[in-house]
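Subject: Structure handover

Dear colleague,

Please find the structure below. My notes on it follow.

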Amino acid sequence: MSFARLSARTRILPAHAAIVLLLVTGVAAQDAAPDWRDYTSAAQRSAPERIRLLESFLTAHPRSNFQQDAVALLAWSYLASGNFAPAGNAANQLLAADPNNVIALAIRAEQLRHSETDKHSADELRRTADRGLAAYQGF
C-alpha cells in the first residue's frame, strides 16, 4: 500500500503516512534500499527542506517504486509552503499517470482555489472537485 492510498483512507497527512508505513512494514532504514532511505529521510523534514530533498530524490531515483509517492508528497509540500503553481504541476504529473488520483485531484483543486479567480478557473475548479468526489466514491 502506498502512503498516498494510506493517507487518503485514514485522512492523515502524507508525511505522517510515510512514517507510519515505515513503522508498519518494520523496515530498518539502514537495511533498506537507498531509494527508500532517501524517500523516508525527505518525508521527515520540514516543507522547505523536504521540497529540496524530494526534487533531488526524483532526479536520483527516476525509476523508484516510490516515485509517485514522492511526487504526491512533493505536491503537498509545495501546497503547504504556499507554492501553488508547482503544486498544481506536480498534481498534473500524478493525474497523467492516474486521472482518478484522489490526492492529485484534491491538490489540483486547492491550487485552482488559490489561482487568479476568473470564470475559466472557477469552472475548472468545479470540474476538478466533481472529478475528485467521483473518484473518492470509487476509492
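I107 is in contact (heavy atoms within 4.5 Å) with A72, A75, W76, L79, A87 and A91, leaving aside its neighbours within four places in sequence. This is a predicted model, in which local features need pLDDT of at least 70 and side-chain atom pairs count only at pLDDT 80 or more, while totals for chains, interfaces and linings use all residues. Residues are numbered from 1 along each chain as its sequence is written, and side-chain values use heavy atoms, with hydrogens and water left out.

I107 is also among the residues with the most contacts inside the largest nonpolar core, together with Y39, L54, F57, L58, A70 and L74. That core has 28 residues; a nonpolar core is a set of buried Ala, Val, Leu, Ile, Met, Phe, Trp, Tyr and Cys residues joined through side-chain atoms within 4.5 Å. Buried means under 20% relative accessible area, exposed over 50%, partly exposed in between (1.4 Å probe, protein chains only). Helix 3 (34-43), helix 4 (47-60), helix 5, helix 6 (84-97) and helix 7 each give two or more residues to the core, and helix 5 gives the largest share, eight residues. Helices are DSSP runs (H or I, at least four residues), numbered from the N terminus.

On the helix pair: A72, A75, W76 and L79 in helix 5 meet I103, I107, E110 and Q111 in helix 7.

In the loop between helix 4 and helix 5 lies H61, which is buried at a relative accessible area of 16%. Not counting residues up to four places away in sequence, H61 touches P34, D35 and D38.

Regards
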